[in-house]
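Me: I've just opened this one and would like a quick tour. Could you begin with the ligand?

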Amino acid sequence: MYTHIHQLALEVKKGVEAAHPKVDVELYQVAETLSQEVLDKMHAPPKPDVPIITPDKLTEADGFLFGFPTRFGSVPAQFNAFLDSTGQIWMKGGLDKKFAGFFTSTATQHGGQETTVFTTITYLAHHGINYVPLGSGISYFGDTSELIGGGFWGAATITGSDASRPISEREKEVARFQGKRFAEIVATYIRGAQV
Ligand SMILES: Cc1cc2nc3c(=O)[nH]c(=O)nc-3n(C[C@H](O)[C@H](O)[C@H](O)COP(=O)(O)O)c2cc1C
């Protein structure tokens with residue numbers, strides 16, 4: 001809506017690409033479900049120039065890093081609509097044994113980063129997709145000297161109530177870390193390659 005997730009996704013992508021030159025990463029956005037009138041009232045800027053994903057794209061990938069802002073501590077309706085559109089793929093087990101991780105954003109410091117990820121893991125369970133957490137490899141998660149989004153469940157940023165807070169350098173670093181770690185795990189387990 002206000003581009004934080006898009007910017008985080010670009011950092012995650014850099015991390016994936018840093019894992020190995022042969023790792024192939026593609027960036028997509030889900031379709032908007034709100035009308036332009038509502039988006040205007042919410043002061044939403046134009047969408048980034050990123051292709052809209054269709055469910056079949058998921059079957060082509062070994063893994064997915066899904067990013068979405070929180071809505072009441074849970075996944076946004078726009079993203080849920082996309083997840084719901086994978087029913088036919090689910091019937092064929094089309095995403096079974098693939099890998100996924102999540103990253104998110106909240107307006108407030110305790111606005112639900114962990115619940116947003118946690119409540120979306122059910123989707124992975126039903127598809128048989130392996131959840132890959134970010135883990136504990138970031139040393140400054142315990143540093144209280146500055147505001148920093150993200151944690152063991154995935155990268156995240158805190159946007160402020162008016163979505164004006166820029167993503168901090170450390171939050172970007174966490175996003176790149178998640179992308180790299182995720183790509184290394186997927187490559188190791190799916191391709192049998194050491195990266
Ligand atoms: C309907 C709605 C519900 C929201 N619920 C929450 C919430 O529960 N906790 C929170 O911290 N922020 C909440 N927000 C703020 C958004 O998460 C925030 O604008 C978003 O993370 C910004 O990311 P973006 O720039 O990618 O849109 C909500 C926003 C909307 C429009």
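Predicted model: local features only at pLDDT ≥ 70, side-chain atom pairs only at ≥ 80, totals over all residues.

Me: Which atoms of Y2 and S105 lie by an oxygen atom of the ligand?

Reply: For Y2, a backbone N or O atom is 2.7 Å from a ligand oxygen. S105 uses its side chain, with a polar atom 2.6 Å from an oxygen of the ligand.

Me: And how much of the ligand does the protein cover?

Reply: On its own the ligand has 640 Å² of accessible area, and the protein covers 81% of that. Accessible areas come from the Shrake-Rupley method with a 1.4 Å probe; for residues, only the protein chains shown count as cover. Two elements give two or more residues to the shell, α1 (4–19) and β2 (99–106). Helices (H or I, at least four residues) and strands (E, at least two) are DSSP runs, numbered from the N terminus.

Me: Which residues come nearest, and how does the shell divide?

Reply: There are 17 residues around the ligand, and Y2, H4, T70, F72 and S105 come nearest. To be near, a residue needs a heavy atom within 4 Å of the molecule or strand. The shell divides into 7 nonpolar, 9 polar and 1 charged. Here Ala, Val, Leu, Ile, Met, Phe, Trp, Tyr, Cys and Pro count as nonpolar, Asp, Glu, Lys and Arg as charged, and the others, Gly among them, as polar.

Me: Where is F72, and what is its phi?

Reply: F72 is in the loop between β1 (63–69) and α4 (77–84). Its phi is near 55°, a positive value in a residue other than glycine. F72 is also exposed, at 89% relative accessible area; buried means under 20%, exposed over 50%, and partly exposed in between (1.4 Å probe, protein chains only).

Me: What about K97?

Reply: K97 has a positive phi too, near 70°. K97 lies in the loop between α5 (87–91) and β2 and is exposed at 60%.

Me: New topic: R165, buried or exposed?

Reply: Buried, with 19% relative accessible area. R165 is in the loop between β4 (156–158) and α8 (169–191). Its side chain has a polar atom 3.3 Å from the backbone oxygen of L147, and it makes a polar contact with the side chain of E171 at 3.1 Å.

Me: How many salt bridges does the structure hold?

Reply: It holds 12, each being a side-chain nitrogen of Lys or Arg within 4 Å of a carboxyl oxygen of Asp or Glu. One of them joins K13 and E17 at 3.0 Å, N to O. Both residues lie in helix α1, 4 residues apart, about one turn of the helix. Another links K57 with E60 at 3.2 Å, and that pair sits in helix α3 (residues 56–60), 3 residues apart.

Me: Which parts does the D143 and R170 pair tie together?

Reply: D143 and R170 form a salt bridge with their closest N and O atoms 2.7 Å apart. D143 is in the loop between β3 and β4 and R170 in helix α8, so the pair ties together parts that are 27 residues apart in sequence. There is a network as well: salt bridges that share partners join E11, K14 and R176.

Terms used: Residues numbered from 1 in each chain as written. Heavy atoms only, no water. Polar contact = N/O pair within 3.5 Å; in protein donor to acceptor, adjacent residues only side chain to side chain.
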